[in-house]
Structures are given as C-alpha cells and as structure tokens.
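The following questions and answers examine a protein chain from its individual residues to its overall architecture.

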Amino acid sequence: MAALRAEVPAGPVVLLLAGFAASKEDWLPVMPALVAAGFDVTALDQRGQYESPGPDDVEGYALTALAGDVHRVAAALGGGPVHLVGHSFGGLVARAAVLAEPTAVRTLTLLSSGPAGIVGRRRAALRTVARVLRQDGQPAVWATLQAVARPRPDHTDAFLRRRFFAHHRAGLVAVSDQLLSAPDQVDELAAVARLTGLPVLVAHGDGDDGWPAAVQADMARRLAAHYEVIPAARHDPAADSPQALADLLLRFWQPDRQAQAEAQTEAETRAHAEGHAQAQVSGAA
C-alpha cells in the first residue's frame with residue numbers, strides 16, 4: 001500500500017487515515033510538527049485510494065477489510081501500538097480497527113468524523129455524487145464537483161484531478177455507500193475503550209460542515225472522550241489550521257509534557273507577579 005512516512009527511529013508510531021476521495025498527501029501540512037516532536041509518522045492511502053491498488057468488487061471495501069489493512073500496516077511499521085488518527089470516513093475505519101484489535105492502538109483520534117452515516121448538507125451532496133458515479137462514472141462526478149468548486153491554483157487543480165481519477169471506482173462507490181449507511185457503533189467503542197483504558201479524542205473545526213458539531217460533541221460524551229474544537233477550520237483542519245491541529249494532537253499524546261508546560265507557565269506568571277509586587281514595595285520605600 002502507498003504511504004508517506006517520516007521515520008523517527010524509536011519514536012512513537014503515528015498512523016494517519018484520510019477520508020473519502022482523499023489521500024495521504026492531505027496530511028502533509030501537519031506531519032513536520034509531529035516529526036519535530038519525535039513521532040514516527042505515516043500517512044496511508046487506503047485500498048483503492050489514489051496510489052494504493054484496490055479490488056474490483058465493492059465488497060472488498062468493507063470496513064472490516066479496511067480495518068485489517070490498518071493492522072497489517074501498523075504491524076509492518078513496528079514500534080508497538082500506534083497513535084491512530086482517522087479523518088472523516090477515515091474515522092469510521094479507525095473505529096473499526098479498534099473494535100477488531102484494540103490492543104494494537106495506543107490512542108484513537110476521531111477527526112471531523114461521526115457516530116454513524118453522515119448527515120445534513122454533505123449527506124445530500126454525497127447522495128448526488130453516489131448516484132452520478134454509478135450512472136455515469138468518475139468523469140461526470142468530476143464535472144459536477146468542478147461546477148461548485150472554489151477557485152484554486154492550477155497546480156492544485158491538476159493534482160486533485162489526477163488523484164480523483166486514480167481512485168478506484170469500486171472504492172468510491174463502496175465508501176460513498178458506507179458514508180451514507182454506516183451504523184452507530186459508539187456504544188461498542190465506548191465499551192472497548194473502558195475495558196482497555198484506550199484514550200480517545202474527538203475533534204473538529206469550528207466551521208465543520210460534515211457531521212454537525214452537536215453530533216460530534218454527543219459522540220465524545222458517549223465515549224467519555226477528550227473533546228476539542230479547532231479554531232478557524234472547516235471539515236479539514238489539516239488544511240485549514242495545521243499548526244492548531246498538530247498542537248492539539250501533541251497535547252493529547254503527551255499529557256505529561258502538557259502538564260509540565262502548564263506548571264512552568266504558572267510558575268513564570270507567579271514569579272513575574274511577585275517581582276512586580278516587590279518592585280512596588282521598593283518604590284514605595
């Protein structure tokens with residue numbers, strides 16, 4: 001399977017899963033900060049995504065099959081349990097991976113993902129995409145998407161076009177169907193997390209137009225998970241606010257370091273206040 005890896009010897013392993021019609025390249029904006037903090041980071045093209053081959057039948061893209069790929073890649077990376085991050089549809093795959101083999105995952109982050117099939121405006125758009133894809137294929141879907149796309153640089157448009165047509169059609173059909181019909185498995189995940197002590201983070205942008213914020217917040221509550229809203233970000237925080245997302249992930253993965261940083265900040269604030277008070281006393285004298 002195709003992947004981008006920034007290897008850090010002996011570093012904790014991170015595995016990043018992209019969403020529907022996306023790819024490993026979507027994680028490039030956040031990878032440098034994670035690597036700089038000492039993490040061994042891999043972003044994966046799942047089966048049928050961009051540069052990873054996939055089967056011709058839609059049954060080959062079942063969540064259980066995709067979860068199996070995740071575990072095979074994690075085992076090949078070495079380094080023990082992974083910090084697993086799934087964006088949007090990748091979150092549903094990450095959840096399936098935890099349900100299948102929870103001890104292989106050190107932490108789970110569900111980014112701009114949801115408890116079940118997608119809802120709201122994106123659900124309506126996805127139903128249109130799925131229908132056009134089945135009837136007329138990828139060229140017709142691309143034309144439909146281009147009609148509503150925001151202006152973007154030519155090199156970006158060329159990459160997105162190349163990537164879209166590289167996705168396996170069966171994979172696009174299967175994943176769109178799963179995004180529309182995925183069952184709610186939050187209670188099962190919560191039970192596994194309680195049993196294993198798995199830390200879970202639910203996060204999304206403050207302008208996410210995928211699963212509504214209230215739905216994601218409720219999922220976090222049901223999971224007893226950490227919950228964060230990323231400022232100045234829509235459905236894809238890696239693109240919109242990469243530094244804020246990287247900082248959030250590092251705080252989640254390194255709680256001791258975060259506590260130390262907060263303690264140091266508190267100590268510096270206290271020392272500054274005491275110094276200011278001493279200067280006032282000296283001035284009064």
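Q: In which strand is Thr-42 found?
A: The model discussed here is a predicted one. Thr-42 is in contact with Ala-3, Leu-4, Arg-5, Val-14, Leu-15, Leu-16 and Leu-77, its neighbours within four places in sequence being left aside. The residue itself is found in strand E3.

Q: Is Thr-42 buried or exposed?
A: The criterion for a buried residue is a relative accessible area under 20%. Thr-42 has a relative accessibility of 2%, and therefore it counts as buried.

Q: How many bridges join strand E4 to strand E5?
A: Strand E4 covers residues 82–87 and strand E5 covers residues 105–111, and the two run parallel. Val-82 has Val-105 as its bridge partner in E5, while His-87 has Leu-111. The number of bridges joining E4 to E5 is six.

Q: Why is E5 described as largely enclosed by the rest of the structure?
A: A residue counts as buried when its relative accessible area is under 20%. E5 is largely enclosed because, of its seven residues, the number that are buried is six.

Q: How many residues has the largest nonpolar core?
A: Leu-15, Leu-17, Leu-84, Phe-89, Leu-108 and Leu-223 have the most contacts inside this core. Leu-17 touches, among other residues, Trp-27, Leu-44, Val-70, Leu-84 and Val-93. A second, separate core has 25 residues, including Leu-34, Val-85, Leu-245 and Trp-253. For the largest core, the number of residues is 42.

Q: Is Glu-25 buried or exposed?
A: Glu-25 is located in the loop between E2 and helix H1 (31–36). Its side chain and that of Lys-24 are joined by a polar contact of 3.0 Å. Beyond its neighbours within four places in sequence, Glu-25 is in contact with Leu-4, Asp-45, Tyr-50, Glu-51 and Phe-159. Its relative accessibility is 18%, so Glu-25 counts as buried.

Q: At what angle do the axes of helices H5 and H6 cross?
A: Helix H5 spans residues 138–148, helix H6 spans residues 154–166, and their axes come within 10 Å. Residues of H5 including Trp-142 and Leu-145 meet residues of H6 including Leu-160 and Phe-164. H5 passes H6 in a right-handed crossing, and the angle is roughly 150°.

Q: How far apart in space are Leu-179 and His-204, C-alpha to C-alpha?
A: Leu-179 is found in helix H7 (residues 169–181) and, at 4% relative accessibility, counts as buried. Among the residues it touches are Phe-20, Phe-89, Leu-126 and Trp-211. Leu-179 and His-204 are 25 residues apart in sequence, and their C-alpha distance is 17 Å.

Q: What is the phi of Ala-224?
A: Ala-224 lies in the loop between helix H9 (213–223) and E7. With a relative accessibility of 73%, Ala-224 counts as exposed. Although Ala-224 is not a glycine, its phi is positive, at about 55°.

Q: Where is Ala-232 found?
A: Ala-232 also has a positive phi of about 55°, although it is not a glycine. Its relative accessible area is 59%, which means that Ala-232 is exposed. Its position is the loop between E7 and helix H10 (237–240).

Q: What percentage of the residues in the chain are buried?
A: The C-alpha trace of the chain spans about 85 × 45 × 35 Å along its principal axes. Of the contacts between residues at least 6 apart in sequence, 76% join residues at least 24 apart. The chain has 285 residues, and the buried share is 46%.

How values were computed. Residues numbered from 1 in each chain as written. Predicted model: local features only at pLDDT ≥ 70, side-chain atom pairs only at ≥ 80, totals over all residues. Heavy atoms only, no water. Pairing = 2+ DSSP bridges. Helix = DSSP H or I, 4+ residues; strand = E, 2+ residues; numbered from the N terminus. Core = buried A, V, L, I, M, F, W, Y, C linked by side-chain atoms within 4.5 Å. Buried < 20%, exposed > 50% of the residue type's maximum accessible area, 1.4 Å probe, protein only. Contact = heavy atoms within 4.5 Å. Polar contact = N/O pair within 3.5 Å; in protein donor to acceptor, adjacent residues only side chain to side chain. Axes fitted to C-alpha atoms, helices over the stretch in contact; angles between N-to-C directions. Left-handed = near helix turned anticlockwise from the far one by under 90°.
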